[in-house]
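Hello,

Here is the structure I said I would hand over. Please look through it first, then read the notes below.

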Number of protein chains: 2
Amino acid sequence: MLVNGRHYRTVWLEKNKMKMINQLLLPHAFEIVSLRTTDEIVKAIKTMVVRGAPAIGATAAYGMALGVASASKKNFDAQIAQTAKKIKAARPTAYDLFHGVDFILDSIKSAKTPEQKKRLAIKAAEAYANASAKACEKIGEHGSKLIKNNYRIATHCNAGWIACVDWGTALSPIYFAKRQNKNIFVWVDETRPRLQGAKLTSWELLNEGVAHAVIADNALGHYMRRGEVDMMIVGADRIAANGDFANKIGTYEKAVLAKENKIPFYVAAPRSTFDLGCKSGSQIVIEERDEGEIHFVGQCRVTPKGAKARNPAFDVTPAKYVTGFITPLGIIKPRAIVRAFRK
Amino acid sequence: MLVNGRHYRTVWLEKNKMKMINQLLLPHAFEIVSLRTTDEIVKAIKTMVVRGAPAIGATAAYGMALGVASASKKNFDAQIAQTAKKIKAARPTAYDLFHGVDFILDSIKSAKTPEQKKRLAIKAAEAYANASAKACEKIGEHGSKLIKNNYRIATHCNAGWIACVDWGTALSPIYFAKRQNKNIFVWVDETRPRLQGAKLTSWELLNEGVAHAVIADNALGHYMRRGEVDMMIVGADRIAANGDFANKIGTYEKAVLAKENKIPFYVAAPRSTFDLGCKSGSQIVIEERDEGEIHFVGQCRVTPKGAKARNPAFDVTPAKYVTGFITPLGIIKPRAIVRAFRK
């Protein structure tokens with residue numbers, strides 16, 4: 001997608017180095033970091049220089065390929081195993097890390113020589129990233145059909161291209177609609193505590209020239225009630241077989257408000273986000289992050305010293321609030337998930 | 001209420017000066033400011049050193065009384081009229097300013113000499129502040145009967161004693177329950193953009209020793225759905241005759257979520273907040289504040305340069321979401337408002 005008018009992916013390979021946009025500095029500075037070693041790559045994942053499940057998956061695939069490419073012939077297999085272990089441990093709850101690493105390991109399994117493996121690994125990583133970008137593009141293509149001219153669309157957090165390799169999930173249909181010359185407007189909520197809406201989604205939309213307004217997290221319901229929201233699209237971190245799904249804290253609130261105000265509520269996600277082994281939302285464990293994220297905004301302390309805070313990172317939204325899932329295969333109703341993906 | 005173990009009101013008179021807690025510095029510093037002239041008092045209201053409808057009303061009454069007390073005998077009535085005009089113009093949408101000023105003017109009307117008027121004005125201002133504190137105390141007394149042992153109570157924004165003369169509105173029942181030795185816990189949402197929850201409500205509860213946790217504005221629904229919220233109490237800025245009410249942006253969202261999760265939702269307010277001349281919420285105009293409040297948290301800019309923001313200060317919650325109004329007269333159902341207050 002566009003940054004200052006030029007096309008970028010979130011992460012890519014260039015002359016045996018991994019390049020990525022430093023998401024920690026956005027929206028105030030745009031910086032490309034260059035990574036070579038597995039340790040550098042693991043650190044970038046840990047410190048959230050790169051974030052978002054699909055982007056993390058591609059980082060893992062590229063990182064694994066670079067690990068294979070730079071392994072010396074002596075102890076070749078042991079070095080590869082060590083690289084895989086390190087990358088998988090970077091953020092143990094990020095399922096896409098495993099997906100990316102294992103994709104490379106599977107791709108080089110049948111090759112006989114280290115040279116063959118090195119060549120295949122790089123090829124496989126590029127294929128992984130391209131497939132990831134393509135899946136998001138298909139999400140945009142299908143989702144854009146739901147967006148009518150003059151629609152005012154709400155989203156939450158950042159499920160944009162910066163969280164993926166390209167296009168994004170929730171924002172991909174919006175970018176498609178924009179390129180189809182539809183007149184659209186996006187409501188962007190700040191998404192405390194980490195402010196991904198205010199910082200990342202707004203930055204993406206500015207760069208793509210999509211009209212939008214940032215609002216406080218509690219304000220969207222007000223606009224819904226006044227009839228100023230035509231649809232809502234969010235991303236997802238994990239979707240259960242019955243259509244319950246986990247996403248950034250606050251998603252559940254917006255889903256309830258959308259239903260109360262008869263506003264269509266869509267969830268955009270690639271195949272990898274659907275976890276058919278997870279029967280329902282009650283099986284999803286919610287990560288609670290450090291309470292310091294609530295006490296501070298940047299360097300500014302907002303609560304009194306001695307105050308306690310709670311900081312759940314995600315919530316679970318029951319399937320009954322979901323109008324449909326926007327997937328690379330098309331729009332899927334919650335009850336059709338298993339049938340669509342079991343093949 | 002207590003600050004560092006000592007009892008304070010939000011605003012009071014001391015040796016012909018008005019004293020008030022500087023709310024702009026909370027929760028990081030506790031400072032009492034001392035005001036003498038009408039201009040100083042108007043500035044304190046304008047810059048929100050003092051905020052909250054009942055607190056503003058008492059400030060206006062004390063300010064008017066000081067104006068009368070310091071008027072010289074020459075042009076006595078003209079000086080009084082000028083003081084009244086200045087104070088009423090400090091924040092023209094704050095209805096309590098008029099209420100406080102007019103109460104003093106009415107009280108001195110029948111007096112004949114300037115000396116009599118001066119004495120009566122001070123007496124009337126004290127009576128006004130005492131009645132205001134007493135009304136909040138009654139709200140606490142009635143509301144505390146709704147709070148059972150081990151209740152986890154949610155609130156929004158700050159409708160505490162710092163917004164009133166003493167006790168508060170939404171928080172008054174909580175302070176009563178605490179003094180009744182009930183085991184209670186309060187969910188406090190941050191309340192962006194001005195963070196009155198994180199800054200003021202948390203500070204009040206800490207000082208009163210009430211267990212609580214600050215959460216992001218989007219997180220309360222998550223705890224409601226998990227059965228970790230037993231009731232919700234909020235304040236109000238204006239209540240229409242049919243029970244629709246305006247309050248801090250976000251109140252509507254929480255009311256819908258409370259209903260969806262079958263959680264009792266109460267609105268605590270003194271008589272002056274009920275506007276029987278306002279038929280329904282559709283007649284309430286919503287103030288939109290400066291968008292800079294969204295772009296910045298303290299000194300920290302959170303949105304990209306060039307981004308637009310919207311900043312509605314209040315929203316309207318329809319009466320159907322309200323379980324009851326906690327008033328100095330007792331608990332009143334939305335449809336009983338006119339009957340209760342018309343007398």
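**Notes on the model**

In chain B, Pro27(B) sits in the loop that runs between strand S4 (17-21) and strand S5 (32-35). Please keep in mind that this is a predicted model. The peptide bond that leads from Leu26(B) into Pro27(B) is cis, and its omega is near 5°.

Chain A has a cis peptide bond as well, from Arg192(A) to Pro193(A), with omega near 10°. Pro193(A) belongs to the loop between strand S7 (185-189) and helix H7 (196-208) of chain A.

**Chain A as a whole**

Chain A contains eleven helices and 18 strands. Its radius of gyration is 20 Å, close to the 20 Å that the globule rule gives for 343 residues, so chain A is as compact as a globular protein of that length. Along the principal axes, the C-alpha atoms of chain A fill a box of roughly 70 × 50 × 45 Å.

Of the 343 residues in chain A, 62% are buried. If you take the contacts in chain A between residues at least 6 apart in sequence, 72% of them join residues at least 24 apart.

Is strand S4 (residues 17-21) of chain A largely enclosed or largely open? Four of its five residues are buried, so S4(A) is largely enclosed by the rest of the structure. Buried here means a relative accessible area under 20%.

S4(A) pairs with strand S3 (residues 11-14) of chain A in the antiparallel sense, over four bridges. In this pair, Val11(A) stands opposite Met20(A) of S4(A). S3(A) and S4(A) form a hairpin with two residues between the strands, and in that hairpin Lys15(A) has a positive phi near 50°.

S4(A) also runs antiparallel to strand S5 (residues 32-35) of chain A, and four bridges join them. Here Met18(A) is the residue opposite Leu35(A) of S5(A).

**Two asparagines with positive phi**

Asn4(A) is not a glycine, yet its phi is positive, near 50°. Asn4(A) lies in the loop between strand S1 (2-3) and strand S2 (6-7) of chain A. Asn4(A) is exposed, because its relative accessible area is 67% and the cut-off is over 50%.

Asn150(A) also has a positive phi, of about 70°, without being a glycine. You will find Asn150(A) in the loop between helix H5 (114-144) and strand S6 (152-155) of chain A. With a relative accessible area of 45%, Asn150(A) is partly exposed.

**A buried loop residue in chain B**

Thr273(B) is located in the loop between strand S12 (265-268) and strand S13 (274-275) of chain B. Is Thr273(B) buried or exposed? Its relative accessibility is 9%, so Thr273(B) counts as buried. Which residues does Thr273(B) touch, leaving out those up to four places away in sequence? They are Ala236(B), Asp237(B), Arg238(B) and Ile239(B).

Regards

Definitions and conventions
Residues are numbered from 1 along each chain as its sequence is written. Chains are lettered from A and ligands numbered from 1 in the order in which they are written. This is a predicted model: local features need pLDDT of at least 70, side-chain atom pairs count only at pLDDT 80 or more; totals for chains, interfaces and linings use all residues. Side-chain values use heavy atoms; hydrogens and water are left out. Buried means under 20% relative accessible area, exposed over 50%, partly exposed in between (1.4 Å probe, protein chains only). Two strands pair if DSSP finds at least two bridges between them. Contact means heavy atoms within 4.5 Å. The radius of gyration is taken over C-alpha atoms; the globule rule is 2.2 Å times the number of residues to the power 0.38.
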